Amino acid sequence: MNIFHYRDIDTPLHNLAPITKIILTLVISSLIIKSSIIFTSSIAVTLFLLLILIKVPLRNYAKEGIYFFFLLSVISISHYISSENIVGTIQITLAFISMIMVSVILIDTTAFNDIASTIGSFLSIISPKLGYRIATTIELTLHMIPLFFDSASELRTARKARGQKMNRHVIRNVVEYVSALFAITFIKVEHLELALKARLFDPDREREFIRVRKKDLFVLLVATFLIIILYLTL
Amino acid sequence: MHIVKNNMLSVENLNISLGGNKEIVKEVSFSIAKGNTLLLCGKNGSGKSVLLRGLKGLIPIDGGSIFLDGIDLSRKPKIRNKDIALVFQDTDTQIVGQTVYKDLMFGLNNIGIKKDESESRIEEVASLLSISSLLHKNPMNLSGGEKRRVALGGVLVMKPRIIFLDEPFANLDYPGIIQVIDSIVTLQKEGATIIIATHEIEKIAYHCDSLLILDKGEVVAFGKTKETLTQAENNGIHIPTINNKPIGFEELTWRKM
């Protein structure tokens, strides 16, 4: 299995309501940018332990790590060149890694239909049409992410099988690879569009509200409280 | 060619050009009776998939008539889209739910079926296609044959009047092909009207009532399968051979499946 796929397994995190996980993701993502390096490190370690706890197939996901490693290198190098601050650079690097980990946890434990329905139901209180439209946009975007990574994986394996070495003629190879990846992705998008149309997909359809239980509220309040306390003290 | 207008689906002089100058489907006419199965075959690029998509209303048609139970729906693509189900060749993009259950629910939500009714339809279809044990699995982890049955289930729950299967055997291994043939035979027993587009005709021809051969977008043969099969080899369709002779209808390799 490639990265950013939902796994329907039984873990405490999988059983939490989507809204709890979405709010916690937002809280972590917003606080992690402007905080101390100790806070960022604590969050990074906690998220890593959570990844292990829910048995995320990290070895499989590591194959896709090259994209994030590339982005991470660009972010870290440019931050260091502009600030000449090694601690700040480490913190930015950890924050980026934490963001990836929190996204992996959210998508691994929550079906994107449920993420979309939850956000759609909440936004529909303000404007039903806009809420459900946004839910559809989120649903389709989240659907495309695993398709994109699956295409990348197929393409990489096919090229490797034919003896291509990416470290030779790097620029030419990367350009060819990226062009092929986009071409495949566009074909898949076209197929997806036809498939949705064939199943009478209505972007404005009403979404089912996913119930929040006492357990979810408890986890949400305790986790948010702990994160904020850590943020203020560290 | 025998076109009977009051058949379940009758198509007359259908043309599709996809907006270009070259017609992909040219003057295609055929009909299929309720509860029958039509095998649509032709080489790659003969226009099979375009014809199915045009009939369903996913792409515009340039001319011709499409009658469903005697009613001309050629100018009503939305009604055709609702009444006709299409299972695509690429199941990975057709399956949109992150569990099989969610995927079956997807179409039902789109047509506004209430939860109780949806659950009863899912249970019925899952039992029919033997996918009940897969309901809570991630479709991406299923085998090719299982994915194809899930995709078929996804359209069956919507209770279509006619079912199109586009290359149902593509990229499947032996067990996968058997699973798909079993599902088709099950649907036939339930009285479904089916059109199967494939070039692998030896796998399913025995179970089809009529055969339509398409070449460069034109109908080159249409009639009862047994009688029309002999014309397939002359039109670039591979028929398995015994002692260098194409096998006959009764000897079709996969007929006992």
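This talk goes through the two chains of a predicted model and the interface between them.

Chain A has 10 helices and zero strands. The C-alpha trace of chain A spans about 55 × 55 × 35 Å along its principal axes.

Chain B has sheets, and I'll take two of them. One is an open sheet of four strands, in the order β2-β1-β4-β5, with antiparallel pairing. Its edge strands are β2, residues 25-32, and β5, residues 71-72, and each of these pairs on one side only. At the β5 end, β4(B), residues 63-68, pairs with β5(B) in the antiparallel sense over two bridges. If you want a residue to look for there, Phe67(B) stands opposite Asp72(B) in β5(B).

What lies across β1, β2 and β4 of chain B? That is helix α1(B), residues 48-56, and it runs at about 115° to β1(B), which covers residues 9-16.

The other sheet in chain B has six strands, and it is also open. The order is β6-β7-β8-β3-β9-β10, and the pairing is mixed. The edge strands here are β6(B), residues 84-87, and β10(B), residues 218-224, each pairing on one side only. From one strand to the next, the twist averages 15°. Leu86(B) stands opposite Phe164(B) in β7(B).

This sheet has a helix across it as well. Helix α7(B), residues 174-189, lies across β3 (37-41), β7 and β8 (194-197) of chain B. The angle between α7(B) and β8(B) is about 160°.

Now the interface. On the chain B side 29 residues are in contact with 25 residues of chain A. The area buried between the two chains is about 2,500 Å², and carbon and sulfur atoms give 56% of that. Which three residues supply more of the area that chain B buries against chain A than any other three? They are Thr93(B), Gln98(B) and Phe106(B), and together they supply 27% of it.

On polar interactions, the rule finds 10 residue pairs in polar contact across the interface, both residues at pLDDT 80 or more. As for where the chain B side comes from, α1, α2 (77-83), α3 (91-94), α4 (100-110) and α6 (144-156) of chain B each supply at least two residues of the side that touches chain A. The largest share, six residues, comes from α4(B). By class, that side of chain B has nine nonpolar, 13 polar and seven charged residues.

Last, the salt bridges. Side chains of opposite charge can pair when their charged atoms come close. Over all chains the structure holds 15 salt bridges, and two are found across the interface of chain B and chain A. One joins Lys102(B) and Asp114(A), whose closest N and O atoms are 3.0 Å apart. That pair crosses between chains, from helix α4 of chain B to helix α7, residues 112-126, of chain A. In another salt bridge, the side chains of Asp103(B) and Arg199(A) meet, at 3.3 Å from N to O.

That is where I'll stop.

Conventions: Residues numbered from 1 in each chain as written. Chains lettered and ligands numbered in written order. Predicted model: local features only at pLDDT ≥ 70, side-chain atom pairs only at ≥ 80, totals over all residues. Heavy atoms only, no water. Pairing = 2+ DSSP bridges. Contact = heavy atoms within 4.5 Å. Axes fitted to C-alpha atoms, helices over the stretch in contact; angles between N-to-C directions. Buried area = accessible area lost by both parts, 1.4 Å probe. Salt bridge = Lys/Arg side-chain N within 4 Å of Asp/Glu carboxyl O. Polar contact = N/O pair within 3.5 Å; in protein donor to acceptor, adjacent residues only side chain to side chain. Nonpolar A, V, L, I, M, F, W, Y, C, P; charged D, E, K, R; others polar.
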